[in-house]
Structures are given as C-alpha cells and as structure tokens.
Amino acid sequence: MKAKMVRSTDLELKDKLVALNRVTKVTKGGRTFTFSAVVVVGNEEGVVGHGLGKAKEVVEAISKGVDDAKKNLIRVPIINGTVPHIQKGKYSGARVFLRPASHGTGVIAGGAMRAVLESAGITDILAKSQGSSNPHNVVKATIDALVQMRDAVQVAHDRGVSMDKVFNG
C-alpha cells in the first residue's frame, strides 16, 4: 500500500529519541567511536515519521536523525484517540499487532512502539511487539502497520461507494 506522505513545512513537530547506539571501529591507529540514533518525530495530531542519523557526536547524530525523520512523514487516521481497526505490521524480523482500545485505556505498548504511537497522537491503544526487539525494526514495523490503517472515508473512496453503503451494506 502506498504511504500517505506529508510535507514537514508548517508543522510543529516534536522529536523523541528511540535508540542511541555507540559503534566502535578498530583500526591500526586505535578505536574510532561513532553514534547512530533512531529518532521519531510527530505533531501528536496524526502525523508521524522516523529517521536514522549517524555521526561522531551524539547531538549531531540526533539532529541528522530528526532531519531524516522529517523526510519520511505519514498521516495516520485517528478516531477518538485510537486507531480505526486491528492491524498487523511487519518489517524484517519484527512483527507488531495494534488493536483499538476504549477511552481511558492509555498507550499499552513497549518502548520503541510507544514512541511512535505517542508521536502520532494516539492516546488509547493495545499493542504487542512480537519477534525481533531491535528498535530499528520495531519502529519500521509499527510505521508499516500505521500506513495500512484506513478510516471509513478512505474505504468508501477506494470502493467508489457512499459512506452509508460502507456501514449498511
């Protein structure tokens, strides 16, 4: 399914650091340390994106990750603070399961998934991460599940019928 891409201009985006990894390269001159940062950005109103930044300094890696995340924004359908329907997402070895929840439930999700869901503006959801717990892959699997979400208006448009027909027929 094609992602609903969004432009980052005129959006107030908040960033969250999901994972920071120190990478060591051993050469004959000694050890060289670099950092990689997985970052999630969102406006908490249905727009979310993820990015990866790599640099020799932590702050620079995070800022590169934020810039990358702003290039990968998608719009997520949110109905009363939750997702419209049950959805599974997959990326590499990571599999995620998202289920709508009633108002007041909160975000029941693990670390990497929680960052993505909160940045998207989802306040009530039941989520389960299965398979790989690698933060890079869990974030991408969660984004995959959110990209596949469809609300009633989009279903009606895709089928070429009216909203009444979607619910009654």
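Which residue stands opposite Arg-95 in S8? Gln-130 does, and the notes below build up the picture around that pair.

1. Ground rules. This is a predicted model, in which local features need pLDDT of at least 70, side-chain atom pairs count only at pLDDT 80 or more, and totals for chains, interfaces and linings use all residues. Residues are numbered from 1 along each chain as its sequence is written, and side-chain values use heavy atoms, leaving out hydrogens and water.

2. The sheet. Four strands make an open sheet, ordered S5-S6-S8-S7, with mixed pairing. Strands S5 (87–91) and S7 (107–108) stand at the edges with a single partner strand each, so one side of each has no neighbour in the sheet. Helices (H or I, at least four residues) and strands (E, at least two) are DSSP runs numbered from the N terminus; two strands pair if DSSP finds at least two bridges between them.

3. S6 and S8. Strand S6 (residues 94–100) runs antiparallel to strand S8 (residues 125–131), and seven bridges join them. Besides the Arg-95 and Gln-130 pair, Arg-99 stands opposite Leu-126 in S8.

4. The S5 and S6 hairpin. These two strands pair in the antiparallel sense over five bridges, with Ala-94 in S6 as the bridge partner of Tyr-91. Two residues lie between the strands, and Ser-92 takes a positive phi near 55°.

5. Helices on the sheet. Helix H2 (residues 111–120) lies across S6, S7 and S8, at about 145° to S8. H3 lies across S5, S6 and S8, at about 140° to S5. The angles run from 0 to 180 degrees between N-to-C directions, with axes as lines fitted to C-alpha atoms, for helices over the stretch in contact.

6. A look at H3. Helix H3 (residues 135–148) has 14 residues and reaches 20 Å from its first C-alpha to its last, close to the 20 Å expected at 1.5 Å a residue (the expected span is 1.5 Å times one less than the number of residues). Asn-134 caps its N-terminal end, with a side-chain oxygen 3.0 Å from the backbone nitrogen of His-136. Buried residues of H3 include Val-138, Ile-143 and Leu-146; buried means under 20% relative accessible area (1.4 Å probe, protein chains only).

7. Gly-65. This glycine sits in helix H1 (residues 58–70) and counts as buried because its relative accessibility is 0%. Gly-65 touches Val-39, Gly-51, Leu-52 and Gly-53, not counting residues up to four places away in sequence; contact means heavy atoms within 4.5 Å. His-85 is 20 residues from Gly-65 along the chain, and their C-alpha atoms are separated by 30 Å.

Key
Buried means under 20% relative accessible area, exposed over 50%, partly exposed in between (1.4 Å probe, protein chains only). A polar contact is a pair of N or O atoms within 3.5 Å; within protein, one must be able to donate a hydrogen and the other to accept it, and residues adjacent in sequence count only if both atoms are side-chain atoms.
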